[in-house]
Structures are given as structure tokens and as C-alpha cells.
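Good morning, and thank you for coming.

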Amino acid sequence: MMTRLRVIYNGVVIGILCALLAWKSTWLQMRMSLGWIIPIVAIIVYLCYMYYGKKLQQNWAIFRFPETLGITIVSFILLLMVFGWQGFVTVLGATIRELFKAQWSLPWTAAVIGIILLVWLIALFIDSRLHPVAKIVSGDKIKKLTLQSKISLVVTIVFLVLLVGLYYVIPGYHDFINKMSIMLAKLDIKGLRDYINSFGVWGPLISTLLMVFQSVLAPLPAFVLTFANAYLYGWYFGAALSWASAMLGALLCFYIARGIGRPFAEKIITKNALGKMDGFFDEYGDYTIIILRLLPFISFDEVSYGAGFTDMKVGKFMIATGIGQLPATIVYSLVGGSLDGSKMMMFIALIAFILLVVISLVVRKVMLNKQAKRSVDVTK
Amino acid sequence: MKKNSLIIGFIASLLLVFGIALGTTANVQAAKSNSLTSSHPVQYNKKKKEVTLLTTVNGTYFTQPTRHVIVNVDGSNGNKSLLKTNATPKQIYNDLKKVGAKPGDNLDMKSKAGSKVKGSSIKVFFVINGKRVKAEKAVQVNNKNLKKLDFKFGGNMKTNNKAKTGCVLCFDSCPVGIVSGAKYGYKYGEHFTGKSSVLPKDGSNLKVVMQVK
């Protein structure tokens, strides 16, 4: 019972997040009562729980209390950032009262929803204290061919086929990909900036899509986009946008590899090679990812794919990626932000850039030394 | 046992919150501004060549953009406008004709983007604190003030009957709204927000006067 309440709560919160963000699209909000998004999303989340949580025993789909709290806080902060307090209250109230075709006061409607969610969350918290939900132990399933991995394989292949197939079917998509590939490959920062800017409010979304796209297509360089973002939105917001979208891209690569799965990959890349990679990640795992991310001119996307084939946990991968790409993102953003003038910024950026290269080289050397020492130890 | 009492407590607190909510929010509606009421929301004055209607302010569009100024509550766009009214588009159409306005009827759904609405010119006023304020003063586009929206009696009764959107007054040239602004052409894509500093607060009644020039 409480598990169901918890899942529905998450569905409602995610639904509210989607419904409220949909207000940003005037086209959409003029055409439908956005409140309907809430029950629809709640049902989808519940179905995910029934299938992924109950049947496939996946941790994310049972929404344990810490995740529930995390989702609530992140949604709330995101909405406040998008709408501001006044706008948030208005839009939340409007979404709900429109659903009931009522003429309730906007702040009161928002307050009631807020209180209901808060009471609900407190009840879930008390329940999580009384009956803690243990994490489902996934064991070593990654190396076996289970029903879940078969499904993932099919879903991933369908996704990849669509991704490639649509290129030949939809002309707009075809042109978009071609244009982007040329811009990224030619390092055309100004062209890219103007292109993203032409989308107006939707610019950040397009930029995110581009970042994800360049992650999946490994050879394209990401730093051009980071430059363009900083150029457009200032170094601070540009860095935040680049960082977040690069995380998303890395996650997608990771999951594509995960989706293809170990058993299938073993057939193609051979067991031995994968075993070696496992050893490498086991020994230097988190550090490897951090270091590789620090090095500016290494395409990180292969590493994301590689990590997906090992039994590394998603959380660990994301933390390492997040920390690892932080310095480079900031430095590139500083450089990107200073393209418009400001000599002081240019100076700081240059220093930071040199520092970044030096530090990453030093760290790499230290790591190599460590590795050499260990191999000496083994021979003893 | 503990689990049950927890659930009962949870449901009870939900009910309590709902109770408070209903108690405090059910005090709106019941309108009376002069002789206009929510059941008789429109009047016309042949001498002054005016149609007056009663509306309710929707504060959602103080912060969110829309292109609908006045819409009938039962129409499919009933919740998408700055002002809601119980008056039907047909009533307004007939009353405007009675006071001598001539419909333009020059737009339909297939009209070219950018086409402008025609018909008798209409001045639109909002009656705020007993004073008439030009509609243009109460709205803004991208936080910028407007000078003239150039409202015209587009007519459009046929498309209006078909579309069932309930549209009475639109901000830009529209093939459905009874009256719409000729400043912006059809499908121009511009939207406005109401000024909370000028308009009464969300849920208040507001009289709107349409004067035929």
C-alpha cells in the first residue's frame, strides 16, 4: 500500500513538473488543458513501477524515499528557476483549476496542492523510517542473458535503427544532422552560436540535443558546443548548460552500451578484450574516468561506451563523469565567454587552460607511475 | 496496526486540507455590476452605439502569454483568455449589429498569414474603479506597452459557430473572434499578457465596453 502511494506521489510530482514546464510552450498551453498531463504521467510512472519495479526488480522504478525526496527537491528548484516564485504559484494554481474548470483563487489552489504534497511526503518519510525499503541487489546479472537484458537489447537496437533510419526518411532531420556535423567538424563556433540563437527560448534545448547528438557520434568534438554555449549565455550559465547536457550525453552512451549488453558484446568484441577492460576499470575505475575527462583532447564518448559494457554502477559513472568534466567545462566556458571581448577574462581563461593541461599531464604521469609500480610488484 | 493508523491519519489530513481549501475558495462568483449579472451579461445602448458586457479576470494571463482577450466560459478556449464571460459570441455579434456595426467577414481559416481583419472600428474600454480605461493600456507584449490595437468587428459568425471556441475578442486578426485587433495580422504569432498593475485581481468582475466608431 505505502509503496503504491510512494510511486503515485512520484508520478504526481513528475506530472506536475511536466505540466508546468509545458506552460513555456505557448503553442501547447493554448491548445489543451495542461492539467491532464499530471494524471497521464502518473499512470505512466505507475506502469513503469509495475513492469520495471515489480517484474524486473529494478531499483529506480520502486522510488525509495531518498529518490522520492530527490525528485521532489530537484523538481521544485527547477520550477522556481524557470518561473520565479510568483509565476510558479500562478501556473500551478492555473493548471489545477483549469483541470476542474473552477474559478478558485490561484495562490490558494497552489497552497492547497503544496500542502497536500507536503503531508504526503511527510507520511512517506515516516513510513520509510518505520519500514525501510532495502535496495534490490542486482547481483551479477550483467554477464548473463536475462529477460531484462533481452528486452534492453531489442529496445536499444530499435532506438539505434530509428536514429539511423529516420535520417534517410525525414528530410528536416537529415539536413539538421548534416549541418551540425559540418559545423562541429569545422569548429565553426560563430555559425553554431547563431544557429542555436535562432531558436530563441528553445535555444538551450537545441543546444542540449546537439550535445547529446555529438556524444552518440563519438568523433565529433564537444568543446565547440561548450564555447558556443558560453558565448551565447555567458560563461556561468553556459557552463551549467554544457555540463548538464554533457552528463546527459554520457548517460545515453553508457545506456546504449548497457542496452546492447555484455553477452552480445562478448560475441563481437571477444570475451578476452572485455575482460581486460574490466580489469582496467576495476583497478583505476573511478580515477580513469575522472582523468580521461580532464584531458581536453580525448573524445570521452568511447569511455562512456566502454564503461557501459563493464559492470560499473551508473551512479559511480555519473559522479566520476560529473567531477571529471567540471574543470574542462569551466575553462572552455571562460574562453567561450571571453570571445566577445573582455581581455581580463581572456587572460584568466588562458592561464586556466594552461593549468588544466599541466595538471592533467601531471596526474596522468602519477597514474602511470603507480601502474608501473604495481606491475613490478606482480613480478616479484 | 501501525500501518493502518498511518494510512488513516494520512487520509484524514488530506480531507482536512481539502476542507480548508473549499471553505476559502468557494467565495468567488455571484456578480453584480450595475444591472449586468452573470445570467444577463450583455447590454447595448443604441444612442451611445455601445455594447457592454460583464467578464471575470483570469490572473493566469498576468504572467503567461495568450492571444485571447475575451472568451465565453463554455467555449473550448474558455480557460485560455485574460477575461472570461458568460456572454455568448452570438449575443455580442447580434448586439453589435443592433448598434450599427458592420461585420468585415474577410478572413477564414485558409486566409494568408498576415492578412488583417476588416469591419467597423470598435473602441474597447475596461471599466476599472468606475473609470473607462482603453484596453490597450491594460495589456503588454514582451513587457512593452502598446499604443493601438485597432479593433475591428470581424463578424465571423459562421466560423465561430463551427469552431465552438467561444471567442469574443482576440488580440490579433482572427477568423473566429467576433471582434479582433487589426494591428497584428492573422497567424502573426504574437501574444500578450495582462498588466496586474492596471487590471483588478484574479477572479474579480470587470465590465467591458465596446463602442462602435
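Predicted model: local features only at pLDDT ≥ 70, side-chain atom pairs only at ≥ 80, totals over all residues.

I turn now to strand β7 of chain B, which covers residues 122–128. Its pairing with strand β15 (residues 205–212) of chain B is antiparallel and rests on six bridges. To locate this on your screens, find B:K123, whose bridge partner in β15(B) is B:Q211. β7(B) also runs antiparallel to strand β8 (residues 131–134) of chain B, and here there are four bridges. One of the residues to look for is B:F126, which is the bridge partner of B:V133 in β8(B). How many residues lie between β7(B) and β8(B) in their hairpin? There are two, and B:N129 in the turn has a positive phi of about 50°.

Next, the nonpolar cores. As a general point, nonpolar side chains tend to be buried together in soluble globular proteins. The largest nonpolar core here has 47 residues, and the members that touch the most others are B:I92, B:V124, B:V168, B:V179 and B:V208. Let us take B:I92 as our example. With neighbours within four places in sequence left aside, B:I92 is in contact with B:V42, B:V51, B:L53, B:A87, B:V168 and B:I178. There is also a second, separate core of 42 residues, with A:M183, A:W243, A:V303 and A:Y305 among its members.

Two of those names, A:V303 and A:Y305, lead us to helix α13 of chain A, where both are buried. This helix spans residues 301–309 and is mostly covered, with eight of its nine residues buried. The buried residues of α13(A) also include A:D301, A:S304 and A:F309.

Finally, a word on confidence. Chain A has a mean pLDDT of 79, and 79% of its residues reach 70 or more. Where in chain A is confidence lowest, and where is it highest? The lowest is in helix α15 (residues 343–379), with a mean of 65, and the highest is in helix α5 (residues 106–130), at 93. Thank you for your attention.

How values were computed
Residues numbered from 1 in each chain as written. Chains lettered and ligands numbered in written order. Pairing = 2+ DSSP bridges. Buried ≥ 20, exposed ≤ 12 C-beta atoms within 10 Å, placed from the backbone. pLDDT = per-residue confidence, 0-100. Core = buried A, V, L, I, M, F, W, Y, C linked by C-beta atoms within 7 Å. Contact = placed C-beta atoms within 7 Å.
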